[in-house]
Amino acid sequence: MGNNLMEKDTSLQLALLKLYACIGVVYIHGYILHFNYFTINSESLPAVYYVQTIISQYISRAAVPIFFAVSGYIYAVKNYQENNWQFMCRKARGILLPYLLWNSIAIFYIFLAQIPAVTRCYFSDYLIITNFTATRWLGAYAGLGNTWFPFLYPLWFLPYLFAAFMIVHIFRKYFYRYESTVWIFALLNIICSAYTPLKTLCGAWGPFLRLVYAISFFSLGMWLVKHRSWAVQKKVMFISGAVFVAVTAVNLAGIIRKVDLSVFTWYAGLLFMFSLTSRIGKCGGKTKQAIAFLSGFSFLIYVTHEYMMTVITKLVYPRLPAETWCILLPYLFIPIVLMSVLIFCGWVLKKLMPPVYNFLFNAR
């Protein structure tokens, strides 16, 4: 199976999965129902409520699990034989350094935004950087416990991806030999994420829940390497798609309140997208070229979109009338326009200053 990663279609499938995940994250951060610009619920503006909830809170929520699963897939295919120290150094350079770089850029960006009074008012006192204690600085970078997530919080997954890499590498013999390991972590993740009282308890110590989440999907990606022929079958695609739709409908209807079933949409969505994208080989040459080109800017979009999305949201939505299409159309098209602008800027930077582009985006 190791050579399959080198096959063009398999490599392109992983690129397409990352591109989908990146777009999903952008739509997650384009979700405006929690901003309270309007009174939006299933009664006041049902179309806005259901469209945004389904896209941002369900379809897009498979994005981060896919990032972990793709990393696990690549890890299993490459079958690293380095000792633990060598492997840690390799992954620290590839994961932790970009994380520290971009989180530092984000903190500096916020520091500048907190200088003018007109923009400082958007930040609570708790987030004023000049008031930070040493513990608060640690929380800003590590996101430990109940402290605020790293300032570039979409990148919260990178430290946990690094941890998943190291834990799996140290115990790789068990992960490779005992498939039950995958299902143990999946079951633990489902129970801790679905049962509301336990989720609240685990949430009091956030790193535990996030680490279980990371290892679960990372190891599932490893499992998909061995069972790829099963996962790409049409029946798997249809069944996982049906599970996704059914769970989404049950959750939206509020039939079960003490259990959050959305965790099942993470797994169902991941399997559905993996099976669906495996058919990339049937696409035409131009489509494949477009996917390869666009996926090359996935990391750029991921690390730069969130603050731009927040600024655009705060500027646009308060000026819109509380009507369905006036709210729904910006929600659908602002992410598309933003991603297009970022891709164009990234392409220009890559053409004019490739060393700068490679340094900022680690040639990703």
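This note goes through selected residues and contacts of the structure, point by point.

1. Basis. The model is predicted: local features need pLDDT of at least 70, side-chain atom pairs count only at pLDDT 80 or more, and totals for chains, interfaces and linings use all residues. Residues are numbered from 1 along each chain as its sequence is written, and side-chain values use heavy atoms, with hydrogens and water left out.

2. Ile-327. This residue sits in helix α17, residues 324–352. Helices here are DSSP runs of H or I with at least four residues, strands are runs of E with at least two, and both are numbered from the N terminus. Ile-327 is buried because its relative accessibility is 0%. The cut-offs are under 20% relative accessible area for buried, over 50% for exposed, and partly exposed in between, with a 1.4 Å probe and protein chains only.

3. Neighbours of Ile-327. Contact means heavy atoms within 4.5 Å. Leaving aside residues up to four places away in sequence, Ile-327 touches Ile-32, Phe-38, Ile-40, Leu-45, Val-48, Gln-52, Tyr-317, Leu-320, Pro-321 and Ala-322.

4. Thr-53. Helix α2 (residues 46–59) holds Thr-53. Thr-53 counts as buried because its relative accessibility is 7%. Its contacts, not counting residues up to four places away in sequence, are Tyr-31, Leu-33, Tyr-58 and Leu-252.

5. Ile-191 and Leu-252. Ile-191 belongs to helix α9. At 40% relative accessibility, Ile-191 is partly exposed. Ile-191 and Leu-252 are 61 residues apart in sequence, and their C-alpha atoms are 20 Å apart.

6. Phe-297. The loop in question runs between α15 (285–295) and α16 (298–316). Phe-297 touches Ile-343, Gly-346, Trp-347 and Tyr-357, again not counting residues up to four places away in sequence. Phe-361 is 64 residues from Phe-297 in sequence and 8.8 Å from it in space, C-alpha to C-alpha.

7. Salt bridges. A salt bridge needs a side-chain nitrogen of Lys or Arg within 4 Å of a carboxyl oxygen of Asp or Glu. How many salt bridges does this rule give? The count is two. In one, Glu-82 pairs with Arg-90, with the closest N and O atoms 3.0 Å apart. Arg-90 is partly exposed, at 35% relative accessible area.

8. The Lys-226 pair. Lys-226 forms a salt bridge with Glu-179, and the closest N and O atoms are 3.1 Å apart. This pair links distant parts of the chain: Lys-226 is in helix α11 (residues 206–226), Glu-179 is in the loop between α8 (172–177) and α9 (180–194), and the two are 47 residues apart. Lys-226 is exposed, with a relative accessible area of 60%. Glu-179 is partly exposed, at 27%.

9. Packing of α4 and α6. Two packed helices are described by the angle between their axes and the distance between the axes. Helix α4 (residues 84–113) packs on helix α6 (residues 134–142) at an angle of about 120 degrees, with the axes 10 Å apart. That angle makes α4 oblique to α6. Axes are lines fitted to C-alpha atoms, for helices over the stretch in contact, and angles between N-to-C directions run from 0 to 180 degrees. Under 35 degrees counts as roughly parallel, over 145 as roughly antiparallel, 65 to 115 as roughly perpendicular, and the rest as oblique.

10. Residues in that contact. From α4 come Tyr-99, Leu-100, Asn-103, Ser-104 and Ile-107, and from α6 come Trp-137, Ala-140, Tyr-141 and Ala-142. By class, the contact of α4 with α6 has seven nonpolar, two polar and no charged residues. Nonpolar covers Ala, Val, Leu, Ile, Met, Phe, Trp, Tyr, Cys and Pro; charged covers Asp, Glu, Lys and Arg; the others, Gly among them, are polar.

11. Cysteines. The structure has zero disulfides, a disulfide being a pair of cysteine sulfur atoms within 2.5 Å. For Cys-345, the nearest cysteine sulfur is that of Cys-22, 15 Å away. Cys-345 is partly exposed at 43% relative accessible area, while Cys-192 is buried at 3%.

12. Asn-79. Phi of this non-glycine residue is positive, near 50 degrees. Asn-79 lies in the loop between α3 (63–78) and α4. Asn-79 is partly exposed, at 38% relative accessibility.
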